[in-house]
Amino acid sequence: MTTEQPIPVLDDVARLQTVDKRNMLRLVNELPEQCETALGIGRSFSIEPLESVPNVVFITGVGSSGVAADMAVAAVSGEISIPVVADHGGKLPAYVGEQSLVIIVDYAGKSEASLRSYKDARQRGANVICVASGGALLEAASKDGIKAFKIPPGHPARSAIGYLFVPLVVVLEQFGLVTGLVDQLTYGIRLMKNIRETFRFDVSQTRNVAKQVALAVAGKAAVIYGASDYRAVVAERWRSQLNANSKSEAFTDIFPDVVDGAISGWELAEKQCANVAFVFFRDSQDRSEVPDLMDASREVLAGFSSVDVELKGSTVIEKLLYGVYMGDYVSCYLALINEVDPGITENVNQVQARIQQEELPEE
């Protein structure tokens, strides 16, 4: 007599259908095609040349839009001769003025921060470009004759990262501030399509690295270690996605800063917060001191769970897209383990509902 072996939790189609009711995993699967769509829109996006080279490119957005701004800075910083700054919805700094290029990214086009930045940048006489799917931001841009990159609506902002990131690189290349990065995007999209065949749900957890990483951090707070390069951006994206999709706590830090004191914070962790898992982002092309620092730190932290994640690709753009794409899969698989719908963010909904209540006029 034989007994049936239980289906591994991350290979269980019935579990997927029960938990992922809003098809977040399908949206993750479609990210390469989303990037292709954004690239196609970008290639048909016409911009008048800048009268002079700007003193700064200031890219501002909140949440996933801010992550897209960070990704753009990481993608172009090695190719551009002027400062490029990413901002997460703060006030425009004093150095932004008539000679500046300000790009405002807001998927829904409704955030108060993006509208404030738009108004402020206009008042200062800056060159302004908007990236949004609609809302008051696009209405204002249309009214004022400001060039806007209109992206398709209908996604949760966190699953629209391709629509948010790709236009930023395209705009900078069309302005002549960088060259060759649109071609790199094409290769990055091709890489994503290839790795999808190893990360997608129908690849068993014994052969699926994304599922294995999700299992490694399941039931623990994830501490994600990047480095002071593009890996810091990928780490932040992972943190955000694990929070939103998996409803799991996650934190980030970067090397070499970690060994300048932060690692000491784990000396009493067995008494305070022992249930953690460390994720180390590796880059085989890194010739700095960081790989050795990571190796030594992992030895010091040997009493905790840890996992290495190799970010693959031949360019920064490829590695960014690889890391972001893998993290999106990991967050969905961890949501399945936690039995929470990755498409719902109840705490976010509650905060927004309370804000709306406070803004209602008194009767």
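Let's start with the largest pocket, which holds about 1100 Å³ of space. A word on terms: on a 1 Å grid over the protein atoms alone, a pocket is an open set of points with protein on both sides within 12 Å along at least five of seven lines, while a cavity is a set where a 1.4 Å probe fits but cannot get out. Lining residues have an atom within 4 Å of a point. Grid points are joined across faces, edges and corners, and a volume is the space filled by probe spheres set on the points.

Please keep in mind that this is a predicted model, where local features need pLDDT of at least 70 and side-chain atom pairs count only at pLDDT 80 or more, while totals for chains, interfaces and linings use all residues. Residues are numbered from 1 along each chain as its sequence is written, and side-chain values use heavy atoms, with hydrogens and water left out.

Back to that pocket. Its lining has 26 residues, and nearest the centre are Ala-108, Ser-111, Ala-157, Val-348 and Gln-352. Helix 14 (346–359) is one of the elements that supply at least two lining residues, along with helix 4 (64–76) and helix 10 (230–246). Helices here are DSSP runs of H or I with at least four residues, strands are runs of E with at least two, and both are numbered from the N terminus. Helix 14 provides the largest share of the lining, 6 residues. By class, we find 9 nonpolar, 11 polar and 6 charged residues. For these classes, Ala, Val, Leu, Ile, Met, Phe, Trp, Tyr, Cys and Pro count as nonpolar, Asp, Glu, Lys and Arg as charged, and the others, Gly among them, as polar.

The second largest pocket has about 490 Å³ of space. It is lined by 22 residues, with Glu-48, Leu-50, Asn-127, Val-128 and Phe-175 closest to its centre. Strand 4 (residues 127–132) gives the most to this lining, 3 residues. The classes here are 11 nonpolar, 6 polar and 5 charged.

Now, what about enclosed space? The structure has 2 cavities of 30 Å³ or more. The largest cavity holds about 60 Å³, and its lining includes Met-24, Leu-27, Arg-158, Arg-237 and Asp-328. Helix 2 (24–29) and helix 10 each supply at least two of its lining residues. That lining divides into 5 nonpolar, 3 polar and 3 charged residues.

The second largest cavity holds about 30 Å³. Among the residues lining it are Leu-31, Cys-35, Met-71, Phe-165 and Val-324. Helix 3 (31–43), helix 7 (161–174) and helix 13 (316–338) each give two or more residues to it, and helix 7 gives the most, with 3. Its lining has 8 nonpolar residues, 1 polar and no charged ones.

On to salt bridges. Side chains of opposite charge can pair when their charged atoms come close. The rule used here asks for a side-chain nitrogen of Lys or Arg within 4 Å of a carboxyl oxygen of Asp or Glu, and by that rule the count is 18.

Which residue meets Arg-231 in a salt bridge? The partner is Asp-286, at 2.7 Å from N to O. Arg-231 lies in helix 10 and Asp-286 in the loop between strand 8 (276–282) and helix 12 (290–300), so the pair ties together parts that are 55 residues apart in sequence. Arg-231 is buried at 2% relative accessibility, and Asp-286 is buried too, at 15%. Buried means under 20% relative accessible area, exposed means over 50%, and partly exposed is in between, with a 1.4 Å probe and protein chains only.

Another pair is Arg-122 with Asp-144, where the closest N and O atoms are 3.8 Å apart. Arg-122 is partly exposed at 36%, and Asp-144 is partly exposed at 33%. There is also a network of salt bridges linking Arg-282, Asp-295, Arg-298 and Asp-308.

Four strands form an open sheet in the order 7-6-8-9, with parallel pairing. Strand 7 (250–255) and strand 9 (305–310) are at the edges with a single partner strand each, so one side of each has no neighbour in the sheet. Two strands pair if DSSP finds at least two bridges between them, and strands 8 and 9 pair in the parallel sense over 6 bridges.
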